Amino acid sequence: MQEYKLFINGEWVESSDGGTFDDINPATLELIGKIHKASDEDVKNAVDSAEDAFDSWSSTPAPQRAKILFRAARMLEERKEELARLMTSEMGKVLKEARGDVQEAIDITYYAAGEGRRLFGETTPSELPDKFAMTVRRPIGVVGLITPWNFPLAIPAWKMMPALISGNTLVLKPASDTPIMAIELVKILTEAGLPKGVLNLVTGGGDTVGSAIVHNKKIRAVSFTGSLETGKWILGEAGKEMKRVSLELGGKNPIIVMDDADLNLAIDGIIWGAFGTTGQRCTAASRVIAHEKILPALLQKLIERTKKLRLGNGLGENTDVGPVINNSQLQKIAKYADIGKNEGAKLALGGRIAHPLPGYFFEPTIFTDVTPDMRIAREEIFGPVVCLLTASDLEEAIRIANSVEYGLSSSIYTGNIKNAFKAIEKIDAGITYINASTIGAEIHLPFGGVKSTGNGTREAGTTTIEEFTELKTVYIDYSGKLQKAQIDIE
Ligand code: UN1
């Protein structure tokens with residue numbers, strides 16, 4: 001059985017206390033690797049090595065740092081198919097989507113590499129003569145990255161590449177369900193020439209390794225994607241040390257379908273958004289808010305189409321929906337199916353654990369007669385479950401859309417431009433799609449949400465550099481005399 005070690009100061013090392021954990025294929029339950037579990041001492045060593053590497057890495061001109069990222073992007077491209085297959089075995093998503101995940105990592109790596117020749121500051125006139133004013137960007141320092149299992153390559157890359165191009169040094173803790181993908185990414189960056197200590201990887205649980213990262217005084221910022229509960233905890237703990245925190249948390253993303261929508265197009269979008277990645281995206285479409293006039297037709301067609309989805313191993317040519325990540329997620333989804341039934345929603349399809357293979361499968365599930373106060377309409381399930389709610393007009397639909405504590409993605413299907421613009425204006429979310437599903441954000445636009453989805457940061461796009469740099473304001477006075485701002489201007 002292949003063992004995967006920790007990566008500290010440019011070396012693959014065993015856990016100092018010998019602990020390991022299993023990495024399991026969620027479709028077949030086969031063991032695919034033994035992963036070393038970092039101890040507190042290992043995390044400390046990783047942070048120390050990142051700190052030692054900081055001076056030299058942050059002093060390297062950004063276009064030189066970029067060369068390493070460009071090389072890594074090309075290597076990812078060359079290895080796309082192999083990485084996608086490995087991802088499906090480790091995480092379960094169907095092969096086409098795994099290819100998309102690798103592609104997203106490739107895209108952000110090229111994009112971040114390009115930032116090496118931008119990293120723009122601003123210049124602006126001074127209020128005084130013979131004085132120059134500008135801003136420059138500086139790295140933050142040693143940054144801790146804690147990443148989830150649902151995009152095992154794309155999300156680590158979303159965080160690592162912008163953080164690296166900005167000149168930070170890193171300690172990465174990938175999700176324990178998908179560490180191998182992060183390990184492959186570390187190998188690629190190392191082969192591409194990343195100096196030792198710049199990127200360190202420690203594997204293990206959130207309550208041990210994650211906590212040790214968050215509490216380490218040398219860590220200046222933490223970037224986390226995952227659950228609301230963990231995000232709140234990180235924000236509280238890191239706040240005590242005045243660390244910067246960026247959070248991408250849950251979603252309960254709505255698709256509004258108006259009575260003037262192209263129904264077939266809307267159904268394509270609902271199926272893709274609700275059951276793609278087996279519903280395990282923070283952008284997943286977990287609520288459909290249908291105009292009452294089209295609800296019966298929509299439901300009937302949606303059931304027909306969903307029935308045809310084939311569950312199985314994501315490597316299979318004919319598989320539409322892969323497994324969920326692990327047994328505890330499977331049990332959580334099953335529990336929500338019961339909650340939905342008990343609170344009076346009607347199960348229109350699915351609702352049960354399935355057994356096409358020994359792994360963790362759940363039937364694509366549709367609930368109707370869902371009201372906004374029900375738990376299944378408010379809480380993130382992170383599985384193949386979609387709730388149908390109804391509204392009598394756009395205003396009510398938007399009110400329902402906004403009635404949850406999250407606000408990541410959202411969508412409206414409508415043939416009416418007025419409805420589209422009203423939705424853009426009024427839906428409380430970081431992303432709104434018009435006549436497209438809630439998933440599939442592109443890496444060169446900001447990604448993030450409002451309310452409990454995060455703490456206001458946006459990843460990717462031009463905003464990604466904000467996440468990983470500090471601005472310094474610089475005044476250069478070339479008058480040769482004391483000039484007093486605000487005072488000498490009359
Ligand atoms: C996530 O689920 O955490 O927009 C990220 C999307 C993907 C990213 C999802 N590009 O669905």
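Predicted model: local features only at pLDDT ≥ 70, side-chain atom pairs only at ≥ 80, totals over all residues.
The strands involved here are β15 and β18, which pair in the antiparallel sense over three bridges. In general, strands of a sheet pair through backbone hydrogen bonds, either parallel or antiparallel.

Now the whole sheet. It is open, has seven strands and mixed pairing, and its order is β15-β18-β19-β14-β13-β20-β21. Which strands stand at the edges? They are β15 and β21, residues 433–434; each has a single partner strand, so one side of each is left without a neighbour in the sheet.

Next, the helices. Helix α9 lies across β13, β14, β18, β19 and β20, and runs at about 170° to β13.

Then α10, residues 295–307. With 13 residues at 1.5 Å a residue, α10 should span 18 Å, and its end C-alpha atoms are 18 Å apart, which agrees.

Which residues of α10 are buried? Leu298, Leu299, Leu302, Ile303 and Thr306 are. They cover an arc of only 125° around the axis, which puts them on the same side of α10. The general point is that an α-helix has 3.6 residues a turn, so residues three or four places apart point the same way. On the other side of α10, Pro296 and Lys307 are exposed.

Finally, what covers those buried residues of α10? The cover includes helix α9, at 263–275, and several strands, among them β13, β14, β15, β18 and β19.

How values were computed:
Residues numbered from 1 in each chain as written. Heavy atoms only, no water. Helix = DSSP H or I, 4+ residues; strand = E, 2+ residues; numbered from the N terminus. Expected span 1.5 Å × (residues − 1). Buried < 20%, exposed > 50% of the residue type's maximum accessible area, 1.4 Å probe, protein only. Arc of directions from axis to C-beta. Contact = heavy atoms within 4.5 Å. Pairing = 2+ DSSP bridges. Axes fitted to C-alpha atoms, helices over the stretch in contact; angles between N-to-C directions.
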